[in-house]
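The following report describes the arrangement of a two-chain model for a reader new to it.

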Amino acid sequence: MSLGTTFLGLLEGHPQHGYDLKRAYDEHFATKRPLAYGQVYATLSRLLKNGLVEVEAIEPGAGPERKRYTVTDAGITDVEQWLTRPENPEPYLQSALYTKVILALLTGRPAEQVLDVQRAEHLRRMREFTRRKSQGDLAEQLICDHALFHLEADLRWLELTAARLNDLAGELAS
Amino acid sequence: MRTGLTDRRTDPGRLPSEPLLTASGLRRSFGRTSALVDASLSLHPGEIVAVMGPSGSGKSTLLHCLAGLVRPDEGRIDYAGTDLTQASDTELSTLRRTEFGFLFQFGQLVPELTCVENVALPLRLGGTPRRRAERTALRWLERLDVADVARKSPGTCSGGQNQRVAAARALVTSPRVVFADEPTGALDSLNGERVIRMLTDTARENGAAVVLVTHEPRVAAYADREVVVRDGRTRDLGGLG
(Lines give C-alpha, C1' and ligand atoms only; values in the text may rest on other atoms or scores of the structure.)
Protein backbone atom coordinates (compact mmCIF):
# COMPACT_ATOMS: atom_id res chain seq x y z
CA MET A 1 0.00 0.00 0.00
CA SER A 2 1.31 3.46 -0.83
CA LEU A 3 1.13 6.00 1.98
CA GLY A 4 2.00 8.77 -0.47
CA THR A 5 -0.90 7.96 -2.79
CA THR A 6 -3.26 7.77 0.16
CA PHE A 7 -2.16 11.27 1.22
CA LEU A 8 -2.75 12.52 -2.33
CA GLY A 9 -6.29 11.12 -2.23
CA LEU A 10 -6.95 12.72 1.15
CA LEU A 11 -5.68 16.05 -0.17
CA GLU A 12 -8.10 15.90 -3.10
CA GLY A 13 -11.00 16.99 -0.92
CA HIS A 14 -9.26 20.14 0.31
CA PRO A 15 -5.77 21.40 1.14
CA GLN A 16 -4.52 20.26 4.54
CA HIS A 17 -1.66 20.62 6.99
CA GLY A 18 0.55 17.64 7.78
CA TYR A 19 -1.13 17.34 11.16
CA ASP A 20 -4.64 17.18 9.61
CA LEU A 21 -3.46 14.58 7.13
CA LYS A 22 -2.11 12.41 9.92
CA ARG A 23 -5.42 12.67 11.80
CA ALA A 24 -7.46 11.81 8.70
CA TYR A 25 -5.17 8.89 7.95
CA ASP A 26 -5.34 7.56 11.52
CA GLU A 27 -9.12 7.86 11.50
CA HIS A 28 -9.69 5.92 8.28
CA PHE A 29 -6.75 3.60 7.77
CA ALA A 30 -4.55 3.08 10.86
CA THR A 31 -5.70 -0.28 12.18
CA LYS A 32 -2.82 -1.01 14.56
CA ARG A 33 -0.90 2.10 15.56
CA PRO A 34 -1.14 5.77 14.61
CA LEU A 35 1.17 7.14 11.95
CA ALA A 36 4.44 8.61 13.21
CA TYR A 37 4.96 12.34 12.53
CA GLY A 38 8.37 11.59 11.04
CA GLN A 39 6.72 9.35 8.44
CA VAL A 40 4.11 12.01 7.62
CA TYR A 41 6.65 14.76 6.91
CA ALA A 42 9.09 12.46 5.11
CA THR A 43 6.24 11.37 2.81
CA LEU A 44 5.08 14.95 2.18
CA SER A 45 8.62 16.02 1.42
CA ARG A 46 8.95 13.23 -1.17
CA LEU A 47 5.60 14.14 -2.76
CA LEU A 48 6.71 17.78 -2.91
CA LYS A 49 9.98 16.85 -4.55
CA ASN A 50 8.14 14.74 -7.16
CA GLY A 51 5.72 17.55 -7.98
CA LEU A 52 2.68 15.66 -6.73
CA VAL A 53 1.83 18.22 -4.04
CA GLU A 54 2.49 21.93 -3.64
CA VAL A 55 2.67 24.18 -0.61
CA GLU A 56 -0.40 26.38 -0.90
CA ALA A 57 0.34 28.57 2.12
CA ILE A 58 2.73 28.93 5.02
CA GLU A 59 1.05 30.01 8.21
CA PRO A 60 2.79 31.21 11.35
CA GLY A 61 1.81 29.38 14.51
CA ALA A 62 2.81 29.23 18.17
CA GLY A 63 5.63 26.86 17.27
CA PRO A 64 7.21 26.32 13.86
CA GLU A 65 5.49 27.60 10.69
CA ARG A 66 2.71 25.35 9.35
CA LYS A 67 2.59 24.45 5.68
CA ARG A 68 -0.73 23.81 3.99
CA TYR A 69 -0.41 21.28 1.18
CA THR A 70 -2.51 20.93 -1.95
CA VAL A 71 -2.49 18.15 -4.54
CA THR A 72 -1.32 18.92 -8.11
CA ASP A 73 -2.85 17.61 -11.37
CA ALA A 74 0.01 15.09 -11.54
CA GLY A 75 -0.91 13.98 -8.02
CA ILE A 76 -4.56 13.47 -9.00
CA THR A 77 -3.45 11.41 -12.01
CA ASP A 78 -1.34 9.33 -9.64
CA VAL A 79 -4.41 8.57 -7.51
CA GLU A 80 -6.51 7.76 -10.59
CA GLN A 81 -3.92 5.31 -11.88
CA TRP A 82 -3.49 3.61 -8.52
CA LEU A 83 -7.23 3.13 -8.02
CA THR A 84 -7.80 1.63 -11.46
CA ARG A 85 -4.75 -0.68 -11.39
CA PRO A 86 -5.48 -4.12 -9.90
CA GLU A 87 -3.27 -5.33 -7.09
CA ASN A 88 -1.18 -8.40 -7.59
CA PRO A 89 -3.22 -11.15 -5.92
CA GLU A 90 -1.09 -12.02 -2.90
CA PRO A 91 -1.84 -12.90 0.70
CA TYR A 92 -2.66 -9.89 2.86
CA LEU A 93 -3.58 -7.63 -0.05
CA GLN A 94 -6.70 -6.60 1.83
CA SER A 95 -4.99 -3.61 3.43
CA ALA A 96 -4.25 -2.13 -0.01
CA LEU A 97 -7.71 -2.97 -1.32
CA TYR A 98 -9.43 -1.64 1.77
CA THR A 99 -7.52 1.63 1.42
CA LYS A 100 -8.48 1.89 -2.25
CA VAL A 101 -12.16 1.34 -1.50
CA ILE A 102 -12.24 3.91 1.31
CA LEU A 103 -10.28 6.42 -0.74
CA ALA A 104 -12.57 5.94 -3.75
CA LEU A 105 -15.60 6.60 -1.54
CA LEU A 106 -13.97 9.62 0.12
CA THR A 107 -13.07 11.16 -3.23
CA GLY A 108 -16.41 10.44 -4.92
CA ARG A 109 -15.05 7.84 -7.34
CA PRO A 110 -16.89 4.59 -8.22
CA ALA A 111 -15.69 2.17 -5.53
CA GLU A 112 -17.56 -0.68 -7.23
CA GLN A 113 -15.23 -0.29 -10.19
CA VAL A 114 -12.19 -0.69 -7.93
CA LEU A 115 -13.64 -3.98 -6.71
CA ASP A 116 -14.59 -5.16 -10.21
CA VAL A 117 -11.10 -4.48 -11.58
CA GLN A 118 -9.64 -6.52 -8.75
CA ARG A 119 -12.22 -9.24 -9.14
CA ALA A 120 -11.37 -9.63 -12.83
CA GLU A 121 -7.67 -9.88 -11.97
CA HIS A 122 -8.32 -12.52 -9.31
CA LEU A 123 -10.46 -14.59 -11.65
CA ARG A 124 -7.79 -14.31 -14.35
CA ARG A 125 -5.24 -15.75 -11.90
CA MET A 126 -7.69 -18.46 -10.87
CA ARG A 127 -8.14 -19.48 -14.51
CA GLU A 128 -4.35 -19.73 -14.84
CA PHE A 129 -4.10 -21.99 -11.78
CA THR A 130 -7.06 -24.06 -12.99
CA ARG A 131 -5.35 -24.63 -16.34
CA ARG A 132 -2.05 -25.51 -14.60
CA LYS A 133 -3.91 -27.89 -12.35
CA SER A 134 -5.59 -29.72 -15.21
CA GLN A 135 -2.19 -30.38 -16.79
CA GLY A 136 -0.24 -31.22 -13.64
CA ASP A 137 0.39 -34.27 -11.47
CA LEU A 138 -1.17 -34.66 -8.03
CA ALA A 139 1.54 -32.60 -6.29
CA GLU A 140 1.01 -29.77 -8.76
CA GLN A 141 -2.75 -30.05 -8.28
CA LEU A 142 -2.38 -29.68 -4.52
CA ILE A 143 -0.16 -26.62 -4.89
CA CYS A 144 -2.64 -25.04 -7.30
CA ASP A 145 -5.58 -25.89 -5.01
CA HIS A 146 -3.88 -24.07 -2.14
CA ALA A 147 -3.53 -20.94 -4.28
CA LEU A 148 -7.08 -21.30 -5.61
CA PHE A 149 -8.64 -21.52 -2.15
CA HIS A 150 -6.77 -18.39 -1.04
CA LEU A 151 -7.80 -16.46 -4.14
CA GLU A 152 -11.37 -17.62 -3.59
CA ALA A 153 -11.31 -16.28 -0.03
CA ASP A 154 -10.21 -12.88 -1.40
CA LEU A 155 -13.00 -12.98 -3.96
CA ARG A 156 -15.60 -13.69 -1.31
CA TRP A 157 -14.33 -10.66 0.60
CA LEU A 158 -14.58 -8.56 -2.59
CA GLU A 159 -18.16 -9.73 -3.13
CA LEU A 160 -19.13 -9.00 0.46
CA THR A 161 -17.53 -5.56 0.32
CA ALA A 162 -19.38 -4.80 -2.92
CA ALA A 163 -22.64 -5.70 -1.17
CA ARG A 164 -21.78 -3.36 1.72
CA LEU A 165 -20.61 -0.33 -0.28
CA ASN A 166 -23.73 1.70 0.39
CA ASP A 167 -23.47 1.11 4.15
CA LEU A 168 -19.77 1.95 4.07
CA ALA A 169 -20.40 5.19 2.17
CA GLY A 170 -23.11 6.06 4.72
CA GLU A 171 -20.73 5.52 7.64
CA LEU A 172 -18.02 7.65 6.03
CA ALA A 173 -20.49 10.44 5.35
CA SER A 174 -21.80 10.49 8.93
CA MET B 1 -31.31 -33.79 -34.81
CA ARG B 2 -27.64 -34.42 -34.20
CA THR B 3 -27.04 -37.37 -31.92
CA GLY B 4 -23.43 -38.39 -32.56
CA LEU B 5 -20.36 -37.74 -30.44
CA THR B 6 -19.11 -35.03 -32.73
CA ASP B 7 -15.86 -33.17 -32.16
CA ARG B 8 -16.37 -29.43 -32.61
CA ARG B 9 -13.41 -28.55 -30.43
CA THR B 10 -12.97 -24.82 -30.06
CA ASP B 11 -9.91 -23.01 -28.82
CA PRO B 12 -11.34 -20.61 -26.21
CA GLY B 13 -8.59 -18.11 -27.05
CA ARG B 14 -9.72 -17.96 -30.68
CA LEU B 15 -13.44 -17.64 -30.66
CA PRO B 16 -15.40 -17.05 -33.86
CA SER B 17 -16.25 -13.37 -34.20
CA GLU B 18 -20.03 -13.81 -34.56
CA PRO B 19 -21.88 -14.52 -31.31
CA LEU B 20 -24.22 -17.50 -31.26
CA LEU B 21 -26.46 -15.95 -28.63
CA THR B 22 -26.91 -12.26 -27.88
CA ALA B 23 -29.21 -10.82 -25.26
CA SER B 24 -29.64 -7.12 -24.63
CA GLY B 25 -31.75 -4.88 -22.43
CA LEU B 26 -33.48 -7.77 -20.66
CA ARG B 27 -36.03 -6.84 -18.05
CA ARG B 28 -38.13 -9.31 -16.08
CA SER B 29 -40.32 -8.86 -13.01
CA PHE B 30 -42.17 -11.38 -10.90
CA GLY B 31 -45.07 -9.47 -9.36
CA ARG B 32 -43.51 -6.41 -7.75
CA THR B 33 -40.06 -7.95 -7.63
CA SER B 34 -37.67 -6.92 -10.39
CA ALA B 35 -35.42 -9.91 -11.11
CA LEU B 36 -33.74 -8.38 -14.16
CA VAL B 37 -33.50 -4.64 -14.72
CA ASP B 38 -31.05 -4.31 -17.59
CA ALA B 39 -29.19 -7.49 -18.45
CA SER B 40 -27.08 -8.20 -21.50
CA LEU B 41 -24.88 -11.10 -22.48
CA SER B 42 -23.27 -12.49 -25.60
CA LEU B 43 -22.07 -16.03 -26.11
CA HIS B 44 -19.82 -17.23 -28.90
CA PRO B 45 -19.87 -20.78 -30.28
CA GLY B 46 -17.85 -23.01 -27.96
CA GLU B 47 -17.40 -20.33 -25.34
CA ILE B 48 -17.87 -21.02 -21.63
CA VAL B 49 -19.22 -18.01 -19.73
CA ALA B 50 -19.67 -17.99 -15.96
CA VAL B 51 -22.55 -15.91 -14.62
CA MET B 52 -21.80 -14.92 -11.05
CA GLY B 53 -23.43 -12.78 -8.41
CA PRO B 54 -24.97 -12.86 -4.96
CA SER B 55 -28.13 -14.84 -4.14
CA GLY B 56 -31.20 -13.11 -5.56
CA SER B 57 -29.17 -10.99 -7.99
CA GLY B 58 -31.05 -12.35 -11.01
CA LYS B 59 -28.49 -14.76 -12.42
CA SER B 60 -30.85 -17.77 -12.61
CA THR B 61 -33.59 -15.62 -14.17
CA LEU B 62 -31.06 -14.50 -16.77
CA LEU B 63 -30.22 -18.14 -17.56
CA HIS B 64 -33.92 -19.04 -17.79
CA CYS B 65 -34.54 -16.15 -20.21
CA LEU B 66 -31.54 -17.06 -22.38
CA ALA B 67 -32.69 -20.68 -22.54
CA GLY B 68 -36.25 -19.78 -23.54
CA LEU B 69 -37.69 -21.10 -20.27
CA VAL B 70 -38.91 -17.65 -19.19
CA ARG B 71 -39.96 -14.82 -21.47
CA PRO B 72 -38.48 -11.44 -20.59
CA ASP B 73 -40.87 -8.47 -20.21
CA GLU B 74 -38.53 -6.37 -22.37
CA GLY B 75 -35.39 -6.84 -24.39
CA ARG B 76 -34.20 -9.03 -27.22
CA ILE B 77 -32.52 -12.44 -27.37
CA ASP B 78 -31.01 -13.48 -30.69
CA TYR B 79 -30.06 -17.11 -31.07
CA ALA B 80 -28.52 -18.07 -34.41
CA GLY B 81 -30.58 -15.44 -36.22
CA THR B 82 -33.88 -15.99 -34.37
CA ASP B 83 -35.38 -13.59 -31.83
CA LEU B 84 -36.36 -15.92 -28.99
CA THR B 85 -38.64 -13.32 -27.41
CA GLN B 86 -40.88 -13.58 -30.51
CA ALA B 87 -40.69 -17.35 -30.96
CA SER B 88 -43.78 -19.50 -30.33
CA ASP B 89 -43.94 -21.98 -27.44
CA THR B 90 -43.60 -24.84 -29.92
CA GLU B 91 -40.51 -23.30 -31.51
CA LEU B 92 -38.95 -22.74 -28.10
CA SER B 93 -39.75 -26.28 -27.04
CA THR B 94 -38.10 -27.71 -30.17
CA LEU B 95 -35.08 -25.48 -29.67
CA ARG B 96 -34.67 -26.59 -26.06
CA ARG B 97 -34.88 -30.23 -27.07
CA THR B 98 -32.54 -30.11 -30.06
CA GLU B 99 -30.12 -27.22 -29.57
CA PHE B 100 -29.87 -26.78 -25.81
CA GLY B 101 -28.82 -28.98 -22.91
CA PHE B 102 -29.69 -28.38 -19.27
CA LEU B 103 -27.98 -29.18 -16.00
CA PHE B 104 -29.41 -28.03 -12.68
CA GLN B 105 -28.41 -28.29 -9.03
CA PHE B 106 -30.54 -31.34 -8.20
CA GLY B 107 -33.82 -33.12 -8.73
CA GLN B 108 -33.47 -33.49 -12.46
CA LEU B 109 -33.21 -37.26 -13.03
CA VAL B 110 -36.39 -39.33 -13.32
CA PRO B 111 -36.27 -41.75 -10.34
CA GLU B 112 -38.34 -44.43 -12.08
CA LEU B 113 -35.81 -44.76 -14.92
CA THR B 114 -32.29 -46.21 -14.82
CA CYS B 115 -29.36 -43.88 -15.36
CA VAL B 116 -28.88 -44.94 -18.98
CA GLU B 117 -32.61 -44.49 -19.65
CA ASN B 118 -32.39 -41.00 -18.13
CA VAL B 119 -29.52 -40.08 -20.43
CA ALA B 120 -31.31 -41.58 -23.43
CA LEU B 121 -34.52 -39.68 -22.68
CA PRO B 122 -33.81 -36.51 -24.76
CA LEU B 123 -32.98 -38.73 -27.75
CA ARG B 124 -36.12 -40.82 -27.27
CA LEU B 125 -38.24 -37.64 -27.10
CA GLY B 126 -36.69 -36.65 -30.43
CA GLY B 127 -37.76 -39.94 -32.00
CA THR B 128 -34.55 -42.00 -31.81
CA PRO B 129 -35.31 -45.74 -31.38
CA ARG B 130 -34.67 -47.04 -27.84
CA ARG B 131 -31.66 -49.27 -28.58
CA ARG B 132 -29.82 -46.66 -30.59
CA ALA B 133 -30.61 -43.98 -28.01
CA GLU B 134 -29.32 -46.16 -25.16
CA ARG B 135 -26.15 -47.06 -27.09
CA THR B 136 -25.39 -43.37 -27.53
CA ALA B 137 -26.33 -42.71 -23.89
CA LEU B 138 -23.94 -45.41 -22.72
CA ARG B 139 -21.07 -43.85 -24.65
CA TRP B 140 -21.77 -40.55 -22.91
CA LEU B 141 -21.86 -42.26 -19.52
CA GLU B 142 -18.46 -43.78 -20.33
CA ARG B 143 -17.16 -40.38 -21.29
CA LEU B 144 -18.32 -38.93 -17.97
CA ASP B 145 -16.79 -41.96 -16.18
CA VAL B 146 -20.08 -43.29 -14.78
CA ALA B 147 -20.77 -46.24 -17.09
CA ASP B 148 -20.76 -48.51 -14.01
CA VAL B 149 -24.07 -47.01 -12.81
CA ALA B 150 -25.81 -47.27 -16.21
CA ARG B 151 -28.34 -49.89 -15.09
CA LYS B 152 -28.81 -48.51 -11.59
CA SER B 153 -31.58 -46.22 -10.44
CA PRO B 154 -30.56 -42.64 -9.54
CA GLY B 155 -31.82 -43.29 -6.01
CA THR B 156 -29.00 -45.77 -5.41
CA CYS B 157 -26.22 -43.52 -6.75
CA SER B 158 -24.18 -40.83 -4.97
CA GLY B 159 -24.80 -37.13 -5.56
CA GLY B 160 -21.59 -36.83 -7.61
CA GLN B 161 -22.52 -39.81 -9.80
CA ASN B 162 -26.03 -38.46 -10.38
CA GLN B 163 -24.65 -35.09 -11.38
CA ARG B 164 -22.33 -36.70 -13.92
CA VAL B 165 -25.28 -38.73 -15.26
CA ALA B 166 -27.21 -35.45 -15.54
CA ALA B 167 -24.23 -33.90 -17.36
CA ALA B 168 -24.25 -36.83 -19.79
CA ARG B 169 -27.96 -36.23 -20.36
CA ALA B 170 -27.33 -32.52 -20.98
CA LEU B 171 -24.73 -33.37 -23.62
CA VAL B 172 -26.29 -36.44 -25.27
CA THR B 173 -27.97 -34.52 -28.08
CA SER B 174 -24.68 -32.69 -28.82
CA PRO B 175 -26.32 -29.34 -28.05
CA ARG B 176 -24.81 -26.09 -29.21
CA VAL B 177 -25.44 -24.52 -25.80
CA VAL B 178 -25.51 -26.11 -22.35
CA PHE B 179 -27.25 -24.13 -19.61
CA ALA B 180 -25.92 -25.12 -16.20
CA ASP B 181 -27.45 -23.59 -13.07
CA GLU B 182 -25.29 -24.18 -9.96
CA PRO B 183 -24.34 -27.66 -11.21
CA THR B 184 -21.98 -28.24 -8.26
CA GLY B 185 -24.07 -26.46 -5.62
CA ALA B 186 -25.11 -29.65 -3.82
CA LEU B 187 -21.72 -31.40 -4.00
CA ASP B 188 -18.60 -31.37 -1.82
CA SER B 189 -15.43 -29.73 -3.17
CA LEU B 190 -13.89 -32.87 -4.65
CA ASN B 191 -17.05 -34.12 -6.37
CA GLY B 192 -17.98 -30.61 -7.48
CA GLU B 193 -14.55 -30.23 -9.04
CA ARG B 194 -14.88 -33.53 -10.86
CA VAL B 195 -18.29 -32.65 -12.28
CA ILE B 196 -17.31 -29.19 -13.49
CA ARG B 197 -14.02 -30.39 -14.98
CA MET B 198 -15.77 -33.19 -16.89
CA LEU B 199 -18.60 -30.91 -18.01
CA THR B 200 -16.29 -28.18 -19.30
CA ASP B 201 -13.77 -30.59 -20.86
CA THR B 202 -16.51 -32.50 -22.65
CA ALA B 203 -18.28 -29.35 -23.77
CA ARG B 204 -14.99 -28.00 -25.17
CA GLU B 205 -14.25 -31.27 -26.97
CA ASN B 206 -17.70 -31.11 -28.51
CA GLY B 207 -17.61 -27.39 -29.31
CA ALA B 208 -20.64 -26.72 -27.11
CA ALA B 209 -20.98 -23.29 -25.52
CA VAL B 210 -21.85 -23.23 -21.82
CA VAL B 211 -23.67 -20.66 -19.72
CA LEU B 212 -22.59 -21.55 -16.21
CA VAL B 213 -24.43 -19.94 -13.30
CA THR B 214 -22.41 -20.28 -10.12
CA HIS B 215 -21.59 -18.44 -6.93
CA GLU B 216 -18.35 -20.42 -6.51
CA PRO B 217 -15.24 -18.68 -7.88
CA ARG B 218 -13.35 -22.00 -8.19
CA VAL B 219 -16.13 -23.27 -10.48
CA ALA B 220 -16.20 -20.01 -12.45
CA ALA B 221 -12.45 -20.37 -13.02
CA TYR B 222 -13.21 -23.21 -15.46
CA ALA B 223 -14.97 -20.70 -17.72
CA ASP B 224 -13.34 -18.52 -20.37
CA ARG B 225 -14.89 -15.34 -19.03
CA GLU B 226 -17.31 -14.13 -16.40
CA VAL B 227 -20.30 -11.84 -16.22
CA VAL B 228 -21.43 -10.52 -12.85
CA VAL B 229 -25.10 -9.86 -12.10
CA ARG B 230 -25.91 -7.37 -9.34
CA ASP B 231 -29.43 -6.17 -8.63
CA GLY B 232 -30.60 -7.42 -12.02
CA ARG B 233 -27.88 -5.64 -13.98
CA THR B 234 -24.99 -7.35 -15.75
CA ARG B 235 -21.35 -6.28 -15.63
CA ASP B 236 -19.02 -7.97 -18.07
CA LEU B 237 -15.61 -8.47 -16.43
CA GLY B 238 -14.02 -9.84 -19.59
CA GLY B 239 -11.69 -12.80 -19.47
CA LEU B 240 -9.67 -15.12 -21.63
CA GLY B 241 -6.66 -14.14 -19.55
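In this predicted model, chain A is assigned a domain 1 covering residues 1-84 and a domain 2 covering residues 87-174; such bounds come from an automatic or database domain assignment. Residues are numbered from 1 along each chain as its sequence is written, and chains are lettered from A and ligands numbered from 1 in the order in which they are written. Because the model is predicted, local features need pLDDT of at least 70 and side-chain atom pairs count only at pLDDT 80 or more, whereas totals for chains, interfaces and linings use all residues.

**Domains of chain A**

The centres of domain 1 of chain A and domain 2 of chain A, taken over C-alpha atoms, are separated by 27 Å. Nine residues of domain 1 of chain A and 12 residues of domain 2 of chain A take part in the contact between them, two residues being in contact if their C-beta atoms, placed from the backbone, lie within 7 Å. On the side of domain 1 of chain A that touches domain 2 of chain A, α1 and α4 (73-84) of chain A each supply at least two residues. The largest share of that side, four residues, comes from α1(A).

**Secondary structure and sheet of chain A**

Chain A contains eight helices and three strands. Helices (H or I, at least four residues) and strands (E, at least two) are DSSP runs, numbered from the N terminus. Along the sequence, the pattern of chain A reads α-β-α-α-β-β-α-α-α-α-α. Its C-alpha trace spans about 70 × 35 × 30 Å along the principal axes of chain A.

Strands of a sheet pair through backbone hydrogen bonds, either parallel or antiparallel. In chain A, three strands form an open sheet in the order β1-β3-β2, with antiparallel pairing. The edge strands are β1 (16-17) and β2 (53-59) of chain A, each of which pairs on one side only. Two strands count as paired if DSSP finds at least two bridges between them. The pairings are set out below.

| Strand pair | Sense | Bridges | Residues standing opposite |
|---|---|---|---|
| β1(A) and β3(A) (66-71) | antiparallel | two bridges | A:His17 and A:Arg68 |
| β2(A) and β3(A) | antiparallel | six bridges | A:Val55 and A:Tyr69 |

A hairpin of six residues joins β2(A) to β3(A). Helix α1 (residues 3-13) of chain A packs on the sheet, where α1(A) touches β1, β2 and β3 of chain A and its direction makes about 90° with that of β3(A). Axes are lines fitted to C-alpha atoms, for helices over the stretch in contact, and angles run from 0 to 180 degrees between N-to-C directions.

**Domains of chain B**

Chain B is divided into domain 1 (18-99 + 175-241) and domain 2 (108-174). Their centres, taken over C-alpha atoms, are separated by 23 Å. The contact takes 15 residues from domain 1 of chain B and 15 residues from domain 2 of chain B. On the side of domain 1 of chain B that touches domain 2 of chain B, the elements giving two or more residues are α2 (89-98) and α6 (189-206) of chain B. The most is given by α6(B), with seven residues. That side of domain 1 of chain B comprises nine nonpolar, four polar and two charged residues.

**A helix pair in chain B**

Helix α3 (residues 115-125) and helix α5 (residues 159-171) of chain B pack at an angle of about 25°, with their axes 7 Å apart. The two helices are therefore roughly parallel to each other, a term for angles under 35 degrees. In this pair, B:Cys115, B:Asn118, B:Val119, B:Leu121 and B:Pro122 of α3(B) meet B:Val165, B:Ala168 and B:Arg169 of α5(B). The residues of this contact divide into six nonpolar, one polar and one charged.

**Contact between the chains**

Chain A contributes 14 residues and chain B contributes 12 residues to the contact between them. On the side of chain A that touches chain B, α6 (111-135) and α7 (138-163) of chain A each supply at least two residues. The most comes from α6(A), with nine residues. By class, this side of chain A has six nonpolar, two polar and six charged residues.

Conventions: Angles under 35 degrees count as roughly parallel, over 145 as roughly antiparallel, 65 to 115 as roughly perpendicular and the rest as oblique. Ala, Val, Leu, Ile, Met, Phe, Trp, Tyr, Cys and Pro count as nonpolar, Asp, Glu, Lys and Arg as charged, and the others, Gly among them, as polar.
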